[in-house]
Amino acid sequence: MADTPVKITRNEDGTFVPGQSANPLGRPRGTGWKVRYNQMFVEMLESRGDDGKTVAQKVMERIRDEAEKGGESGAWQWVAKKMVSEDVLEKLDAVYERERKEDKDFLSYRLAKGTFDTAQRILSSREKLHIHMAGRRGGKTDTAARWLVEPLITVDGARCIYMGLTLTKAMDQIWDNVVKLIEDTGFTISEQSRTDGNLKLSNGSFFQVSGNNTVDERSKQRGFKWHRIVIDECQSQKALPQLHDEIFGPTLLDYSGSLMFLGTGPRVRGTYWEELWTDLRSDGTSIGRKALRLNWNAGDNPFIPDHENVLAKVREEHGWTETNPVYIREYLGQIAYDDDALVWRLREENYFTDSELAAWIASQPVTDIRFTAGLDYGFEDADGFAIVCYSTTRPERFLVHEYKARRTGTQELADALRKGIEYIKTSPLFKSVENKDFYIHADTGSLGKKVSFDLATQYHLPIQDAFKANKDMAVEILQDEVRRALFKVSKGGAFDDEALKTVFARNDKDELTRVIDDEAYHPDVSDGILYAMRPVWLFNRR
């Protein structure tokens, strides 16, 4: 059907009447040029430059400058005069700040909208301390990324850091998530370095990724200022108390910042991670740390495909029951100790009293009684010092002295060693023993070489190089003596505590290896015992 011609009406002077144009088909449909021009003008005002500021902000700043110091341009002077005389600047500032707050609120809303209920609760919380124990594939890393990105895009010049086990692992876990979230909210990343693990936004905000594999990596974080900090994989982090109290704690003071601990359930008893989660000391008394503590797993996250059945599929795939410790710990994110992996299993038969030790000494020639000692230096952990009493004719060994502490210097360690030596020489238990002299077998490799040299030369202590080869075999020999109740310890002592926490590592197939898992827990006195006992196992023949 042909278009019906439009009747065109003109005025007497030949101009068109209002509402008509020269187009025979009438006024074109769609948005008029005035509306489109206004839209383009608004878009131009809202566009941002490399410095992150909009054109409107720059114009406002120019007007403010002219109002305060008087510009050369007559036009600017007139505008500035009008702005000042009519309080336009204050009114515009109020409007701008209101719109800016609305923009920030909308950005926060966008971050929360893209995640699940538990994560939304974390994002909306104002708590300064977050302690969250979550299962694998539950979205905890994505939650951490959103929690860190929020201040980066809503607070100009915000500073946030994420710490993993190593820089490489941390980058693999968090980097892409953070970059994508920033870009999805429309912000520009002005600088970034995957090598150094950091990036800077156009609004001046800064994000850093860090590892915690060495003392140097931890020490590098001292002295900074942070708005938000996430420490992930807390079940395996080294020196977690030190990170909390000494390193990161002071860096949050300037900005009244927030700290998040994140991880799965602990493998071993008595860790600082478990203390944070339960808020209980080892004696069962409450600590009273105010924090938001949440637990969730993959079944709670609807963004996980088939989340209602994902945990059942995991159990089926691995042949696990719902009570399997690995399943509870890794996938439910709850506490479940890996007792099957314990290295040393102490029983009642392994504990001794002073009267039992005295009877053992009296049951044999006193000339058969000997002492040996071992020292493990704690550059990253605690020093561990152990003295063992043994016989050249009997199979039993008694751990008669233990020392475990973080030292401030060589003098403090030397004093502790002298105290142990003095105990052997003066204790009534060993009054009848003729030979009370012994060597302290210490690790003299690497950094330990200088400490051992100083202890031997300046403090005149009987330090000797420890035999370190075949540690796995030494662990098995001690394990066998513990199992046969030949190795005896004091109940409640340092080694008794370490025996409840020291576990063998598991491989990718969840099979136990014969290597101690230092990431789960690093023993100190235990290494001292191994150093002390190696000469006995090598050279003492009954």
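**Figure 1. Where helices H16 and H18 meet.** Lys471, Ala474, Val475, Ile477, Leu478 and Glu481 of H16 touch Asp527, Ile529, Leu530, Met533, Arg534 and Trp537 of H18, where contact means heavy atoms within 4.5 Å. By class, this contact has eight nonpolar, no polar and four charged residues. Here Ala, Val, Leu, Ile, Met, Phe, Trp, Tyr, Cys and Pro count as nonpolar, Asp, Glu, Lys and Arg as charged, and the others, Gly among them, as polar. This is a predicted model, in which local features need pLDDT of at least 70 and side-chain atom pairs count only at pLDDT 80 or more, while totals for chains, interfaces and linings use all residues. Residues are numbered from 1 along each chain as its sequence is written, and side-chain values use heavy atoms, with hydrogens and water left out.

**Figure 2. The angle between H16 and H18.** Two packed helices are described by the angle between their axes and the distance between the axes. For H16 (residues 471–483) and H18 (residues 525–539), the angle is about 90° and the axes are 10 Å apart. Axes are lines fitted to C-alpha atoms, for helices over the stretch in contact, and angles run from 0 to 180 degrees between N-to-C directions. H16 and H18 are therefore roughly perpendicular to each other (under 35 degrees is roughly parallel, over 145 roughly antiparallel, 65 to 115 roughly perpendicular and the rest oblique).

**Figure 3. A closer look at Ala474.** Ala474 sits in helix H16. Is Ala474 buried or exposed? With a relative accessible area of 4%, Ala474 is buried (buried means under 20% relative accessible area, exposed over 50%, partly exposed in between, with a 1.4 Å probe and protein chains only). Leaving aside neighbours within four places in sequence, Ala474 is in contact with Leu530, Arg534 and Trp537. Ala474 and Leu530 are 56 residues apart along the chain, yet their C-alpha atoms are separated by 6.6 Å.

**Figure 4. Helices H14 and H15 crossing.** H14 (residues 410–426) packs against H15 (residues 448–457) at an angle of about 55°, with the axes 11 Å apart. That makes H14 oblique to H15. Thr410, Leu413, Ala414 and Leu417 of H14 make the contact with Val451, Asp454 and Leu455 of H15. These contact residues divide into five nonpolar, one polar and one charged.

**Figure 5. The two sides of helix H11.** Which residues of H11 are buried? They are Val310, Leu311, Val314 and Arg315. These residues cover an arc of only 140° around the axis, which puts them on the same side of H11; the arc is that of the directions from the helix axis to the C-beta atoms. Helix H12 (325–331) is included in what covers the buried residues of H11. Exposed Glu316 and Glu317 lie on the face of H11 turned away from its buried side. Just after H11, Gly319 takes a positive phi of about 70°.

**Figure 6. His307 in its loop.** His307 lies in the loop between strand S8 (292–296) and helix H11 (310–318). His307 counts as buried, at 17% relative accessibility. Setting aside neighbours within four places in sequence, His307 is in contact with Ala298, Gly299, Asn301 and Pro302.

**Figure 7. Stepping back to the chain.** The chain has 18 helices and 16 strands; helices (H or I, at least four residues) and strands (E, at least two) are DSSP runs, numbered from the N terminus. Of the 542 residues in the chain, 46% are buried.
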